[in-house]
Amino acid sequence: MGRRLTLSFDLDGTLTSNHFVDSVWMEGLPELVSRRQGMDLSEARRMCLGAYEQEGPSSIRWYQLSYWLDHFGLNDMEPAGLVSRYAPRVELYDDVLPVLGELQSQGFPLVLFSNAARHFLDVEVSRGGLAPFFDQMISVSDDWGMTKAEARAFLRLKHLAGGDVVHIGDHLEFDYLVPRSVGLQAYHILRDRGPGVEGSLNDLREFAARVKGE
Ligand SMILES: [Mg+2]
């Protein structure tokens, strides 16, 4: 029986912990702002977090480090350099490599489908050794100029897959409600963080069990 079910995975908070990305946004950028503007670190951090919140994760700018460097008057800084400084902090969840390997060997096409900008995604894929598992790795913000807050991102994914797609991710809205709103199957993964919905999964092993039961 031919299998055309494509499996789509969010990255941050789903395959990798948030330790790496949080380091860039909550530590790296505030440190630069603090130094440049001569304010203490806690004040700089408050200012950064306030600015991020005001923009919000539905906005493509949220993901664009070059936008934030400009915004804070740091446009002489190289986004790639700031991101790669924290590369040693990339952490994969324990179930990622075994489950991806298992699903791949069963013939499921696998897609990485993340809002993360290319600089971030590339570092995480490379440090985590994720590239061999995926048929496609898509930075929705950089490659497509949109975010998973938009249903059209999932319609485009479905078109690209040429068949049914099951998506999984940790963001209740972007990885679960939005894809379901346009008829994709989707799972929300908790990774020990709440709140969930009925049917939220704890880890990728539960996800593998579900898709194999399809
Ligand atoms: Mg996520």
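I started with strand β1 (residues 6–9) and strand β2 (residues 110–114), which run parallel and are joined by three bridges. Strands here are DSSP runs of E, at least two residues long, and helices are runs of H or I, at least four residues long, numbered from the N terminus. I picked Phe-9 and found its bridge partner in β2, Leu-112.

The model is predicted, and local features need pLDDT of at least 70, side-chain atom pairs 80 or more, while totals for chains, interfaces and linings use all residues. Residues are numbered from 1 along each chain as its sequence is written.

Next I looked at the sheet. Five strands form an open sheet with parallel pairing, in the order β3-β2-β1-β4-β5. Two strands pair if DSSP finds at least two bridges between them. Which strands stand at the edges? They are β3 (136–139) and β5 (185–188), each with a single partner strand, so one side of each has no neighbour in the sheet.

Then I checked the helices. Helix α5 (residues 96–105) and helix α10 (residues 204–212) pack at an angle of about 15°, with axes 9 Å apart. Axes are lines fitted to C-alpha atoms, for helices over the stretch in contact, and angles run from 0 to 180 degrees between N-to-C directions. The two helices, α5 and α10, are therefore roughly parallel to each other (angles under 35 degrees count as such). I listed the contact residues: Val-96, Val-99, Glu-102 and Leu-103 of α5, with Leu-204, Arg-205 and Ala-208 of α10. Contact means C-beta atoms, placed from the backbone, within 7 Å.

Note on methods: Parallel < 35°, antiparallel > 145°, perpendicular 65-115°, else oblique. Contact = placed C-beta atoms within 7 Å.
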